[in-house]
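Me: Please take a close look at the contact, and then go on to the helices and loops. Plain wording will do.

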Amino acid sequence: MIWLVGGILLTTLSGVPGLFFQRDSHGGERIACLLTLTGTACGLFAVATTLISGKDADLELPWAMPGGTLALHLDPIAATFLLPLFLIVATGVVYGLRYWPQHENPTNGRKLRLFYGLISGAMILLLSASNGILFLMGWEVMAIAGFFLITTEEHKEEVRRAGYIYLIATHAGTLALFALFALLSQASGALMFPVAHTLPTAGSTLIFLLGLFGFGMKAGLMPLHIWLPGAHAAAPSHASALLSGVMIKTGIYGLVRLTSLFAEIPAWWGWTLLLLGMISGIMGVALALAQHDIKRLLAYHSVENIGIIAIGLGLALLGRSYHLPELVALGLAGCLLHVINHGLFKSLLFLSAGSVIHAVGSREIDHFGGLLKRQPWTGALFLGGAVAISALPPFNGFISEWLIYLGAFQPLKHPASALGMAVLAAPALALIGGLALACFVKVFGVTFLGEPRSKAAAHAHEAPKAMIAPMALLLAACAWIGLLPTTLLPLLNGAIAGWSGTTGSAQLAGTFAPLGWVSLAGWLLLTLLIVTGFRLHRRSRKVPRDVATWGCGYRFPTSRMQYTASSFADSLVRQFNFGLWSKRHGGKVPGLFPPAAQFSSHTPDAVLDRVLFPAFRGTARLCRYLRARIQNGETACYLLYVVLTVIALMTFLTL
Amino acid sequence: MGLTNSLLLAVLLINFFTLGSARLVACIRMVALQGALLALLPPATHGLSGHALFLAAGALSFKGIFIPWLLLRAIREVRIRREVEPIIGFVPTMILGALTTAGAFLFADFLPLISEHHEGLYVPAALATMFAGFLLLITRRKAITQVLGYLMLENGIFIIGVLLSSALPLMVEAGVLLDLLVGVFVMGIVINRINREFSTINTERLSALKE
């Protein structure tokens, strides 16, 4: 455990030495990188030794705070969240050396590194804390550091706005968590986390709802995702990778940890989570399809993947309510594995998107084009991430979604029970997967294939090796989980055993989750791909290379004749118009010899821009009106209020 | 009991007169009369004890003589005779006064009081006078009428205070009277200032600076 504490301290303080260096010197960023790498290595060592020993590790120190000791606790559940964290933090910090170098960003480079270290350390702390106050401290430091990461480029109006929305959302969530931990300490008698599976179900409704709000706000479940797209788009790419890959998962961790404390789970918890998961999955991917900003698009995919994770968790909760150990095992394994997987491939996608943005200088997909010829490595790595997020073999996204599919089909074995409706999760997942694939065909096609759509894209350069290497490491991790999923079985089985408790736990094994076969199929597919690719490559070697892509025989194509991001997705976006309400401007072509016409489309956020802003504006107007009426400056009116209050008080007292 | 009830009935009638009259001098005189009548209330309730006599003397000198004298002087200086254009007219104010008085009688039965206080008109008369004072405060524009409103409010409190005077320490009574006196002094100065600044004592000019 001492290694973990060392890791937390080293990571947290990694940005501090840099503050004492000169603004444009390299020293600070190198020291920060070194300290973070050492810190994550220490943490990784601590988690690995704990997992190998097979016993949970504990650390308890006396503490001046009332209500418990300073207690850290490492178990397989925490480990599943910590392992991707270490990898993503380490790759992100190496990537940041070239992506956000100090000498190019003298004003905000030191700030970025300071808060990058703080947020990483705070997340390790909260994932291993077993005391409510310690957890909330980590949570709050993480939230505040996240705000400063998002507002790195604070001179931009749009960035400040995103940061402000994030701050409001995260504090609303934290407020719910304060109430949650107060109730928990009332139920268990101390501020320490109670022993798993001991809390009674009585009086737990409010606890669950508060947890769902507070943790769901951080995770970005659909109606609560309002802060997420703007914040992920505003932050620098490796910070977005950290926020999307790791930070939003702390919300999932909170839900998993919270539900592990109860002895019995009411069935409606699982149904709620399942429904919310389906909504955020489908609407998240539909909103992603309609975006033109590559980082906003990736951010909406985070909402979608959080939805998939919530479907898994919802199935596992249903399994506990209806006492089906196999459903618990499949749902929870899918949920936790998807947490790891999403962390890996989403960071990979954010990092490679960052390398594209770094080269072109824009976030608009329609300014890219033809980048595969100029950035072959970035393109290949992005393609790997896209395959993984679309849940295609042989990468890791397939494994976790396949586990959730298996879980969704479990209720068919018990056709009589009320559980039958849960089968609906399977078609929802299929819809999500198909739309995600369409979305990434769009992104990859418009960004990397075809002809450059702007001068900047035509002159783009390949990212430096220090940016390619971290991405390659992440892709290797994705491929590892996709091809050798059985290596993660002990970790997942440990987490399932720790979570499911008295229901009796089933282990993921060959009988109902044949991971070995999946692994074999993955290898076969990979071999097939390599062989086919090799043969195609040999056959196309003699083809002339200077022909315009997708020219279709036309001699003088221009880059404006290509599909744009909105035209490619238009047919699908129209299907979801009931929930997206895209704004479309222009596009009408009048007469036989039409003049120049314009078309543009824009899809605002379904909850933030369509519901919350109008509602808040209306409330503000109403309050201003009421204030002008009530606070009208007439002394007589104020006296009337006094009389009315006196009468009301007297009536109240007599009744 | 008969004497106190007729005193309190007279107090109620004076409430209505003040609510319905536009003549300021008459209003001030009637409120002075109300104060003088109330000065009879403590001896009539508790007999001729030292405490009761002290209360009576205090009420008579302050409410019956000194404060009305101050107000009459102020009115002579600013040369105002009538309350014109009240925020709510005189007849509606009378009707409202009748409603609140009826309400006070109804309401007094429900108040959690000890049984001996339920007898007599003390509590309903006190409530009705307080509400009438409030009505005066709310519906009139002239600062001088608002001072009268405060006076009537205090008269209502005084009636309750008479009921409790055996339990209420003398200092509290003295404090209430002193409070009122200071309030009237301040208001008198303010009235003069308002008059000098705006050539009127309508208080609504004071809200010109509101947001």
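This is a predicted model: local features need pLDDT of at least 70, side-chain atom pairs count only at pLDDT 80 or more; totals for chains, interfaces and linings use all residues.

Reply: Two residues are in contact here if their C-beta atoms, placed from the backbone, lie within 7 Å. Residues are numbered from 1 along each chain as its sequence is written, while chains are lettered from A and ligands numbered from 1 in the order in which they are written.

The contact draws 8 residues from chain A and 10 residues from chain B. On the chain A side that touches chain B there are 4 nonpolar, 3 polar and 1 charged residues (Ala, Val, Leu, Ile, Met, Phe, Trp, Tyr, Cys and Pro are nonpolar, Asp, Glu, Lys and Arg charged, the others, Gly among them, polar). For the complex the predictor gives an ipTM of 0.73 and a pTM of 0.80. Chain B has an average pLDDT of 81, with 86% of its residues at 70 or above.

Within chain B, helix α2 (residues 24-46) packs against helix α3 (residues 50-78) at about 175 degrees, their axes 8 Å apart (helices are DSSP runs of H or I, at least four residues, numbered from the N terminus; axes are lines fitted to C-alpha atoms over the stretch in contact, with angles from 0 to 180 degrees between N-to-C directions). α2(B) and α3(B) are therefore roughly antiparallel (over 145 degrees). Their contact has 21 nonpolar, 3 polar and 1 charged residues.

In chain A, helix α16 (residues 425-448) has 24 residues and should span 34 Å at 1.5 Å a residue, which agrees with its end C-alpha atoms being 34 Å apart (the expected span is 1.5 Å times one less than the number of residues). After α16(A) comes A:Gly450, with a positive phi near 75 degrees.

Two loops of chain A deserve a mention. A:His323, in the loop between α11 (294-321) and α12 (325-360), has a positive phi of about 60 degrees although it is not a glycine. The peptide bond from A:Pro393 to A:Pro394 is cis, with omega near 10 degrees, and A:Pro394 is in the loop between α14 (376-389) and α15 (396-409).

How values were computed:
pLDDT is the predictor's confidence in each residue, from 0 to 100. Angles under 35 degrees count as roughly parallel, over 145 as roughly antiparallel, 65 to 115 as roughly perpendicular and the rest as oblique.
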